[in-house]
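Hi,

Here is the structure I promised to pass on.

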Amino acid sequence: MTGFIGSFRHQIDSKGRLNLPAKFRRPAGTMETYVITPGLNGCLNVFPEEEWNKVQEKLQSLVRNNPDNVYYLRTTLSRSFVVQADNQGRITLSAALIKEAKLEKDVLVVGMLDRMEIWNPEIFADYLNKPDRSYEEVARKIDI
């Protein structure tokens, strides 16, 4: 897999299950494990297990007597959970994170190279249209 790119509209069913985009799934019959965490700006992060292991290494290297580090770890990890995709490529989201991310039936799954983000489509549109920055300005700053 070259990384998660693109965005796809999907729906959460009444049991909190979300079909992952076909382009983001592993080959048929492969049980994939994901770690779901709160993301920035109101989304949820969905990390495949191998990518979460890299994040976990970074988290473990944080100095534990730094109050900001401890706050970040407690806040993030207490709201994160592990899920396995079923045979149909669905994952189940916790009711608490669905509420926190203001997700409704229709959601947007956005590829972010090493992870997926799950967004309320309206919140994502508002995020992209923030008046304090433009795509061009940011692209120039990061030299892309």
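**A cluster of rings, and a pocket**

F4 and F24 are both buried, where buried means under 20% relative accessible area, exposed over 50% and partly exposed in between, with a 1.4 Å probe and protein chains only. Before I go on, a word on the source: this is a predicted model, in which local features need pLDDT of at least 70 and side-chain atom pairs count only at pLDDT 80 or more, while totals for chains, interfaces and linings use all residues. Residues are numbered from 1 along each chain as its sequence is written, and side-chain values use heavy atoms, with hydrogens and water left out.

Back to the rings. Phe, Tyr and Trp rings (the six-membered one for Trp) pair if their centres lie within 6.5 Å; planes under 30 degrees apart are stacked, over 60 edge-to-face, and the rest tilted. That rule gives 5 aromatic pairs. One of them is F4 with F24, edge-to-face at 5.0 Å centre to centre and 75 degrees between the planes. This pair links distant parts of the chain, with F4 in the segment before β1 (7-11) and F24 in the loop between β2 (17-19) and β3, 20 residues apart. (Strands are DSSP runs of E, at least two residues, and helices are runs of H or I, at least four, numbered from the N terminus.)

F8 and F24 pair up as well: their centres are 5.2 Å apart and their planes sit at 85 degrees, so this pair is edge-to-face. F8 belongs to strand β1, 16 residues from F24. Is F8 buried or partly exposed? Its relative accessible area is 22%, so F8 is partly exposed, whereas F24 has 2%. Together, ring pairs join F4, F8 and F24 into a cluster.

Now the largest pocket, which holds about 870 Å³ of space. (On a 1 Å grid over the protein atoms alone, a pocket is an open set of points with protein on both sides within 12 Å along at least five of seven lines, and lining residues have an atom within 4 Å of a point; the volume is the space filled by probe spheres set on the points.) Its lining has 34 residues, with N41, M112, R115, E117 and Y127 nearest the centre.

E117 is in strand β8 and counts as buried, at 8% relative accessibility. Leaving aside neighbours within four places in sequence, E117 is in contact (heavy atoms within 4.5 Å) with residues including C43, L108 and M112.

Cheers

Methods
1 Å grid on protein atoms, 1.4 Å probe; cavity = no way out; pocket = protein on both sides within 12 Å on 5 of 7 lines; lining within 4 Å.
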